[in-house]
Amino acid sequence: MATSDTTATKLPLKEIPGSYGLPFFGPMSDRHDYFYHQGRDKFFADRIQKYKATVIRTNMPPGPFISSNPKVIALLDGVSFQILFDNSKVDKRDVLDGTFMPSTSFTGGYRVCAFQDTTEPSHTLLKTFYLNLLASKHASFIPLFRNNLSEHFADLEDQLAGRSSKADFNTSVGSASFNFLFRLLTGQDPSATKIGSDGPTLVTTWLAAQLAPLATLGLPRIFNYAEDFLIRTIPLPAWTVKSSYKKLCEGFASAGSSVLDEAERLGIKRDEACHNLVFMLGFNAQGGLVNQFPILMKWVGLGGESLHRQLAEEIRSVVKEENGVSLRALDRMTLTKSVVYEVMRIEPAVPFQYGKAREDLVVESHDAAYVIKKGEMIFGYQPFATKDPKIFERAEEFVAHRFVGPDGEKLLNHVLWSNGRETEEPTPDNKQCPAKNLVVLLCRLYLVEFFLRYDTFTFDFKPVVLGPQVTIKSLVKSSY
């Protein structure tokens, strides 16, 4: 909750605790704690414990010399965090990646929609275009994704039958995701363009150069400072991935000519539309799904055979009653829906949100109120907001049935993965993910198709740069 009136709050008004430290040395110390000495969760948990507050001052990576100002006010609970969704209070201009912005050379010289604030006229125009485009493809969502999943499951089975007797889930589902997204937006297969079968690799290469300052490779400790120096001293230049990005743009431009025609009819320059759509396809959609699906499989896998059996029974009985897989059938699968929401709650694929205060604000946590001055950078760490023990019982546990029933559905207001509440919808005037409902649908549909084919599975996982790396060890085929 937030207000600009200090008299409106009933909570005690307190100074925001925390410290930025000395110039240069403070941000460097925080950066090394964040990446190497403590790790992300412990970095924030230790500061909550130290300052006895969930609204604190700290520095966020990348810091010197890439970020000119690493100072943030961190919101680390489920109440204060939601100020970041109030576009009348918070400016989202150029803060997608936090305290720094990659060069527009990565996106053809354009500030694409994701970096624009809601007050910019081009934001409304571009997001309207996105929403209309997705709405026009609505009938294709289920049949097209099911077709791509058939190829994906065949690939997993082929890998399991091979010499290694295991399957690389991330690579397989990454190819399926890219093919689906490209076919959905353009109506053509990427293999028929310059992109060929390299789409996921091209996207990963392009993204890595932009986001390198925000990541760590998890190398042995002896290499920590070398890594830190190499990727966080100066930004990687866009020319290092120019050929990858050019291939993506040329492939989309040739296959998506009808989509670009529609953009021009709306008053968007063709070249600008192409760069925005490639960003949406590569950064927002592919970049999100290649993280989301492994997270989904990790938590469903950890749920064990009991959860697998319950999901399989629900999915198969509803599909039988509905004579197939449809939106109506998916909507009836209450456990399946709850599992997807619980995955998005316990491990959101995008853990950070940023914004700058448009005016002096009073932000409330559970037990105190704090003044944030105009222009200060606000940072929200979503995993702490969506695992807030004052909102969710057994907040650190994966509870498959959490969102089943009327009481469970009330908690959806605190599922925040889409840069907005799950109970709200994306519009041209907000920053909520335009494909919010599509992502939820795809996750449900993935579970449906999986448990129509298989009774259970075994797997391993390990943390990597973004999300878990999942390896499938066995698939038990269904007799259904």
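The legends below describe close-up views of a predicted model. Residues are numbered from 1 along each chain as its sequence is written, and side-chain values use heavy atoms, without hydrogens or water. Because the model is predicted, local features need pLDDT of at least 70 and side-chain atom pairs count only at pLDDT 80 or more, while totals for chains, interfaces and linings use all residues.

**View 1. The open sheet of 5 strands.** The strand order in this open sheet is β3-β4-β10-β7-β5, and the pairing is mixed. Strands (E, at least two residues) and helices (H or I, at least four residues) are DSSP runs, numbered from the N terminus; two strands pair if DSSP finds at least two bridges between them. At the edges lie β3 (55-59) and β5 (90-91), each of which pairs on one side only. Strands β4 (residues 71-75) and β10 (residues 377-381) run parallel and are joined by 3 bridges. Ala 74 has Phe 379 of β10 as its bridge partner.

**View 2. Helix α2 on the sheet strands.** Helix α2 (residues 40-51) lies across β3, β7 (352-357) and β10. Its direction is at about 130° to β3. Axes are lines fitted to C-alpha atoms, for helices over the stretch in contact, and angles run from 0 to 180 degrees between N-to-C directions.

**View 3. The crossing of α1 and α7.** The axes of helix α1 (residues 25-37) and helix α7 (residues 224-232) come within 11 Å and cross at roughly 120°. The two helices are therefore oblique to each other; angles under 35 degrees count as roughly parallel, over 145 as roughly antiparallel, 65 to 115 as roughly perpendicular and the rest as oblique. The crossing of α1 and α7 is right-handed, a term for the near helix being turned clockwise from the far one by less than a right angle, anticlockwise being left-handed. On α1 the contact (heavy atoms within 4.5 Å) involves Met 28, Arg 31, His 32, Phe 35, Tyr 36 and His 37. On α7 it involves Asn 224, Tyr 225, Glu 227, Asp 228 and Arg 232. These contact residues of α1 and α7 comprise 4 nonpolar, 3 polar and 4 charged. Here Ala, Val, Leu, Ile, Met, Phe, Trp, Tyr, Cys and Pro count as nonpolar, Asp, Glu, Lys and Arg as charged, and the others, Gly among them, as polar.

**View 4. The crossing of α9 and α10.** Helix α9 (residues 257-265) and helix α10 (residues 270-322) have axes that come within 9 Å and cross at roughly 120°. This makes α9 oblique to α10, and their crossing is right-handed. Ser 257, Val 259, Leu 260, Asp 261, Ala 263 and Glu 264 of α9 make the contact with Arg 270, Ala 273, Cys 274 and Leu 277 of α10. The contact residues of α9 and α10 divide into 6 nonpolar, 1 polar and 3 charged.

View 5. Most residues other than glycine have a negative phi, and most peptide bonds are trans. The bond from Pro 61 to Pro 62 is cis, with omega near 15°. Another cis peptide bond joins Pro 64 and Phe 65, with omega about 5°. Pro 62 is in the loop between β3 and β4, and Phe 65 lies in the loop between β3 and β4 as well.

View 6. Asp 94, although not a glycine, has a positive phi of about 60°. Asp 94 is found in the loop between β5 and α3 (121-136). With a relative accessible area of 24%, Asp 94 is partly exposed; buried means under 20%, exposed over 50% and partly exposed in between (1.4 Å probe, protein chains only). Arg 394, also not a glycine, has a positive phi of about 50°. Arg 394 is placed in the loop between α13 (382-385) and α14 (405-410).
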